[in-house]
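Q: I have a model open on my screen and would like to learn how to read it. Could you walk me through it, one feature at a time?

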Amino acid sequence: MTHIPVPPPMSLLAELTHRCPLQCPYCSNPLALDGREHELTTDDWLRVLEQAAELGVLQVHFSGGEPMARRDLPDLVRRAAALGLYTNLITSGVLLTEATLAQLAEAGLDHVQLSFQDVDTAPAETMGGMPGAQEKKLAAARLIVAEGMPLTTNFVIHRGNVGRIGRMLDLAVSLGARRAEIAHTQYYGWGLVNRAALMPSRAQLEEATRAVEDARTRLAGTLAIDYVTPDYYADQPKPCMGGWGRRFVNISPTGHVLPCHAAETIKSVPIPDIRTDSLAAIWADAPLFRLFRGTDWMPEPCRGCDLREQDWGGCRCQALALLGDAAATDPVCTRSPDHARISRILADLPETPPPLVYRRYGNAPG
Amino acid sequence: MTDAPAPPPVAEDTVVRFLRGTRLQHDRVRDQWVIQAPERAFIADPIAAEILRLVDGTRPVAAIIDILAQRFAAPRPVIAHDVLEMIASLAQRQVLTA
């Protein structure tokens with residue numbers, strides 16, 4: 001059997017744990033949260049980091065859940081840094097103290113992305129489900145900046161906070177962040193469960209986009225702003241993960257190796273496991289990674305579309321979640337035969353948002 | 001960002017350094033130079049890599065220009081133009097700082 005060599009991944013998303021003190025209803029974690037007793041060991045993760053660096057990964061993003069809930073985080077950062085990997089911590093900040101930050105900085109941590117649920121305390125803590133979280137996050141931001149560590153602040157946007165984007169960005173500047181992400185909720189996992197409570201209207205989306213554009217002008221040279229829109233309102237799908245099995249690899253708390261964080265929803269092939277196979281072998285050969293890599297798998301209208309190597313057919317997990325078929329054209333695309341499904345979802349959004357379903361163990365519907 | 005204003009000019013006596021959390025790194029697997037930055041790695045084209053390998057936090061821009069003009073046996077004004085433009089652009093992209 002001849003193989004065209006598969007270019008190696010650029011980034012590893014290391015989801016160290018699903019444990020988290022917050023309960024955000026837009027969480028990107030799967031509905032079936034992994035328990036602590038099934039998590040990879042420190043040695044497992046150290047091996048993963050070595051394999052990732054050898055394969056060609058350049059950046060490792062330590063995420064979760066709350067990655068600071070793992071006491072071995074400084075050891076993992078130290079090994080990653082020694083291997084030349086760029087180390088990024090994606091955290092809620094609520095477990096961050098001067099002492100834990102100093103340990104991470106000493107271990108070689110390069111950057112922190114700190115999440116905020118909102119700019120105002122009351123709605124922030126309603127969304128996160130943790131009283132006292134906002135003050136802890138503000139304190140964390142100040143410690144990170146005082147340490148000299150580059151800081152990106154992340155704000156997830158939904159219909160309840162979409163009007164406060166300008167003030168969120170002002171907060172980011174006042175805290176000393178270099179970058180800010182204004183990321184509309186992505187509708188997978190818990191976000192999909194809560195879609196009717198979270199999805200902004202088209203008018204709200206347009207207002208959000210204007211607020212970001214205004215801030216980019218106002219804050220040019222001070223704050224770089226990444227803006228992620230909700231793809232339901234787009235005409236073309238997003239190039240999900242930069243294409244299936246092209247740039248990113250995700251490892252779940254239990255060692256599942258995935259092309260994206262939602263890919264465990266695809267049940268047609270076995271889920272590769274880092275405890276039984278090497279990262280290189282999984283990346284090149286695992287059926288899950290080969291399933292939608294490149295363009296050969298595509299149905300029409302993707303197959304004959306000029307944009308097939310720009311958007312890579314959009315998002316497989318979204319096609320599965322909304323159409324029941326992971327190999328279908330992403331229904332977000334106006335060329336999809338099922339695009340009316342998206343229009344109907346948007347038209348049927350309720351005037352009054354339904355109650356939020358909080359992300360916690362045992363709270364998933366169904 | 002297409003609507004970004006032109007970067008402010010950099011003077012030759014400026015000493016530039018990498019911002020913390022940003023570095024030039026050789027990508028052994030792909031045999032190329034990359035700029036590692038917060039949440040993104042981008043390929044340094046050969047000219048950017050030549051310049052960035054001389055950024056050590058003590059050398060003024062003028063010295064970088066002198067070294068490259070000699071190395072490539074090129075007229076100094078030509079090299080100076082390229083180096084100043086590249087450094088201004090990298091400063092605007094939060095890779096380098098004065």
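This is a predicted model: local features need pLDDT of at least 70, side-chain atom pairs count only at pLDDT 80 or more; totals for chains, interfaces and linings use all residues.

Q: Where is the place of A:Cys24 in chain A?
A: Start with the helices and strands on either side. A:Cys24 sits in a loop that runs between β1 (11-15) and α1 (42-55) of chain A. A:Cys27 is also in the loop between β1 and α1.

Q: Is A:Cys24 buried or exposed?
A: The relative accessible area decides this, and buried means under 20%. A:Cys24 has 9%, so A:Cys24 is buried. With a value of 15%, A:Cys27 is buried as well.

Q: Which residues does A:Cys24 touch, not counting those up to four places away in sequence?
A: Setting those neighbours aside shows what the fold brings to a residue. For A:Cys24 the partners are A:Gln117, A:Met127, A:Gly128 and A:Arg359. A:Cys27, read in the same way, is in contact with A:Tyr188, A:Gly189, A:Trp190, A:Gly191 and A:Arg359.

Q: Now the interface. How many residues does the contact take from chain A and from chain B?
A: Chain A gives 31 residues and chain B gives 20 residues. Between them the chains bury about 2,000 Å², with 44% of that on carbon and sulfur atoms. On the chain A side, A:Leu58, A:Tyr86 and A:Arg178 supply 31% of the area buried against chain B, more than any other three residues.

Q: How many salt bridges does the rule find across the interface of chain A and chain B?
A: Look for charged side chains that pair up across the boundary. The rule finds 4 salt bridges here. One of the pairs to look up is A:Asp226 with B:Arg40, a salt bridge whose closest N and O atoms are 2.9 Å apart. Polar contacts are counted separately: 17 residue pairs between chain A and chain B, both residues at pLDDT 80 or more.

Q: Which element gives the most to the side of chain A that touches chain B?
A: α1, β2 (59-63), β3 (86-91), β4 (111-116), β6 (179-184) and β7 (224-228) of chain A each supply at least two residues. α1(A) gives the most, with 3 residues. By class, this side of chain A has 13 nonpolar, 10 polar and 8 charged residues.

Terms used
Residues are numbered from 1 along each chain as its sequence is written. Chains are lettered from A and ligands numbered from 1 in the order in which they are written. Side-chain values use heavy atoms; hydrogens and water are left out. Helices (H or I, at least four residues) and strands (E, at least two) are DSSP runs, numbered from the N terminus. Buried means under 20% relative accessible area, exposed over 50%, partly exposed in between (1.4 Å probe, protein chains only). Contact means heavy atoms within 4.5 Å. Buried area is the accessible area (1.4 Å probe) that two parts lose on being put together, summed over both. A polar contact is a pair of N or O atoms within 3.5 Å; within protein, one must be able to donate a hydrogen and the other to accept it, and residues adjacent in sequence count only if both atoms are side-chain atoms. Ala, Val, Leu, Ile, Met, Phe, Trp, Tyr, Cys and Pro count as nonpolar, Asp, Glu, Lys and Arg as charged, and the others, Gly among them, as polar.
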